Every structure is written in structure tokens, then in C-alpha cells.
Amino acid sequence: MNVIDIIDKKRNNEELTKEELSFVFNGYLNKEVKDYQMSSLLMAICINGMTDQEVFDLTDIFINSGEVLDLSEIEGVKVDKHSTGGVGDKTTLIVAPIVASLGIIVPKMSGRGLGLTGGTIDKLESIPGFRVALTKEEFMKELKEIGMVVSSQTEKLVPLDKVIYALRDVSGTVNSIPLIAVSIMSKKIASGADKILIDIKCGDGALIKDERSAKELKDLMIRIGNNYEKEVRCLISDMNVPLGVCVGNALEVAEAAELLDGKVRNNLYDLCVDIASNMVSMGKNISIIDARDEVIDAINSKKALEKFNQFITYQGGRLDDMRISDNKVEIKSNKKGIITDIDALIVSKVSNALGSGRTTIEDKINYEVGVFLNKQIGDTVDIGDTLCTLYYDKMEDNFNISEAFTIEEKE
Ligand code: URA
């Protein structure tokens, strides 16, 4: 087999065999195929797409590039979740304890943030003492003892995704529906859960910008799941405005705890209830309506908050020691009116500029900084009202964050 012939074939929009896909992708993992050859094939895939058979074959190649977790020794239904990443997305921190508090096993491996979206692992690391890197034995023990775990992904799980994702990131080939579907579903299937809930973010602040692509990704991921006899449900959720009122690592952990304490009712609350209800409905084989009642009760009764605290403590975290920067500045409105939009992309850029995110994987992040939205969509504002608060370490300018707010003026 010859790499160039395979690239030519895909460029001519012909279907590749599993052997051909394996030859190039595994060749890349083994450093026999060059970056420029792999990027060229990825671009041909981006332009010409993939057939379902190619997607199923490539998912299999990805999964088999590393180890597959066997969770069969853990009793009960295991339900995993994944989000395609959004601004202020701390849903895992909220949903996993809710679902686990209702008796469903939640084995969750999460990632770090890169670019404009934050990662669950970074948020958890803002809690002093919290351990994200667990051995397989520790992962299984925690699942058995408390019914949930959130850890960083092991190096052994789908190593092919790691190298291909890094190359996609720098070769303009991230936005391919089949490549996104393969990347997500291979990791979810290798993580060993029985059922999977995927939250596809759609909007300006997300990887997927339009409803049509979100729907296409949803259908493809469900078909991949079916191919492995796994029940997969997908939600498509808005990512034009930030989720909740906090963007930044420690701020988001604090917001998650507040929500579980029954103190938050906003778009974050609604989405968490939706995700958790679908996971409980799958896990217990009950209707969404019944699952929703259980989810709301888990929040109101503080059962989910107890599970959250138990999980943080189990992994060594000391929530009381978590710090948010003492340096803060309030950004005031120079208009009077009603807030009709808050641009997620601008908020995330400002939060990143303050130090809460990274642009390369080596960047160090500052857990204590970020943005708190004092006003939300639908709120009325007067001139001089605080729109948001920036928590900073070093303030170089005010990053024009007021541009994130669209205010319809009224007299
Ligand atoms: N999340 C992933 O894990 N992979 C992608 O390709 C995109 C989002």
C-alpha cells in the first residue's frame, strides 16, 4: 500500500477500505506517515466527507489504538456524558453528582481546555489538593465506593485521537463532522460506559456554528453508538451566550456548588436538568418526565450537593481552600435599556486574556481569574449599573468587555 495512492483516492472522493485507513492512521501514530501526508488526507476528508462505513471503520481503528476500559465488574448501569465544549460549561461538575446521587454509575474521563473553551479537568484543578490523574485501580475503586468519578483521560485511551486532534488543530481540519464524530465516539466507547449522553453545543461560542451541522453530527454519533450496541442520546444546546454567570476555573466550581445548593435558576440550571434527566431516563429506563422529577428532587433535597462534596473530598480536594482573586474591577454600563444579547465568544476571549485559559497546551493557567456576569439577558440596566466583574491578576486594559453586551436603549 502507498500513502500517496490513498490520499489520491480520497481526493477523488472514492471510499477507502478499513485496511487503507488503518495503513495511514496507524502509520501516523507509529511515525511512519509524515505530518504533511496526514494533514493532506485530513483535508481531503474535510472536503469530501466520509461514508458511514469509513466512519465506523475509522472509529474502530481509533478505539483499538489503545486500551478499552472494562467496567463489567462494577454493578449497575454506567452512563457517561460528553459536551463538545462551550463558554462557561461546567455541566459535568453538576450533572455527574446529580445522576450518581440517583444510583446511576457515572464513569467520566474529561479533558483540559484548549482555545476558547475551558476543560473540566482545569476547573477541578482549581480546588487545592484535588487529584485528576488516577490509576485504573483508583478509578474503579471510586466508582464502586461512591458511584462516580471524574478523572483526566489516561495516556492509553485512544492515543490516535491525541495525535490526530493535535494535527487537526494546526491544519485547519477541526471542523469536519465525521472527524469530530470519530474523535468523540471513539473516546466514549473506549471509556466503557453502557449508555452515552452527548451535549452538542451550537452557536458562535462553539465548534459547531449552525443547527444543520449539529443535527448531522447528532445523527452520525447515534449511528456510531448503534454500531457498538450502545444507547446514545444527543442534545443540541445553544452556545451563543455563556452558560451561567461565571467564566473562569475557580469561579465556575463555585457556581456549580451554588447550583447544587439550589441557589441558581438560569440557562445553566435548565441545561443541567435536561442533561441529567436524559441520563437518568437512560440509566433507569424511565420516561424523561419521571426522570426530571427525580433530578429536581435530587437538587432540592441537597442529595446531589452531598454527592458533589463527597466526590471532591474523595479525590483529595479542599473546597474551603479554593481561592478567587481579590483583585476585581466592575465594568459599568454607559447605556440605559434591556440586555438582549451577551456574546459568549467575547466573554471567553476576555476570560482567556485574564489568564483563565491557554492557547498552547504548555501554557500555565491562572485558576483564580475570570468573569462574573452581574447582568443577564432580559435584565434592565441603568447608566452606571455593573454589567460584569473581572477577577484579575494583572490588569493591562479592560479588554472592552462591555462590547459583549447588546443593550437595546430605552428612554
Ligand atoms: N471534542 C472532541 O473530543 N473531539 C473533536 O474533534 C471535537 C470536540
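## Contact between helix 5 and helix 11

In this predicted model, Leu93, Ile94, Pro97 and Ile98 of helix 5 meet Val253, Ala256, Leu259 and Leu260 of helix 11, where contact means heavy atoms within 4.5 Å. The residues of this contact comprise eight nonpolar, no polar and no charged. In this division, Ala, Val, Leu, Ile, Met, Phe, Trp, Tyr, Cys and Pro count as nonpolar, Asp, Glu, Lys and Arg as charged, and the others, Gly among them, as polar. Helices are DSSP runs of H or I with at least four residues, numbered from the N terminus.

Two packed helices are described by the angle between their axes and the distance between the axes. The axes of helix 5 (residues 91–101) and helix 11 (residues 249–260) come within 9 Å and cross at roughly 35 degrees. Such axes are lines fitted to C-alpha atoms over the stretch in contact, with angles running from 0 to 180 degrees between N-to-C directions. The crossing of helix 5 and helix 11 is right-handed, a term for a near helix turned clockwise from the far one by less than a right angle.

## Helix 13 and its buried side

Helix 13 (residues 288–300) contains 13 residues and reaches 18 Å from its first C-alpha to its last, close to the 18 Å expected at 1.5 Å a residue; the expected span is 1.5 Å times one less than the number of residues. Ala291, Val295, Ala298 and Ile299 are buried in helix 13. They cover an arc of only 95 degrees around the axis, and therefore lie on the same side of helix 13. The arc is taken from the directions from the helix axis to the C-beta atoms.

Buried means under 20% relative accessible area, exposed over 50%, and partly exposed in between (1.4 Å probe, protein chains only). The buried residues of helix 13 pack against helix 5, helix 11, helix 12 (267–284) and helix 14 (303–314). On the face turned away from the buried side, helix 13 carries the exposed residues Ile289 and Asp293. Just after helix 13, Lys302 takes a positive phi of about 70 degrees.

Gln37 is placed in helix 3 and counts as buried, because its relative accessibility is 17%. Leaving aside residues up to four places away in sequence, Gln37 touches Val3 and Ile7.

Lys34 lies in the loop between helix 2 (18–29) and helix 3 (35–48). With a relative accessible area of 41%, Lys34 is partly exposed. Lys34 and Val24 are ten residues apart in sequence and 9.6 Å apart in space, C-alpha to C-alpha.

## Basis of the values

Residues are numbered from 1 along each chain as its sequence is written, and side-chain values use heavy atoms, with hydrogens and water left out. Local features need pLDDT of at least 70 and side-chain atom pairs count only at pLDDT 80 or more, whereas totals for chains, interfaces and linings use all residues.

Methods: Helix = DSSP H or I, 4+ residues; strand = E, 2+ residues; numbered from the N terminus.
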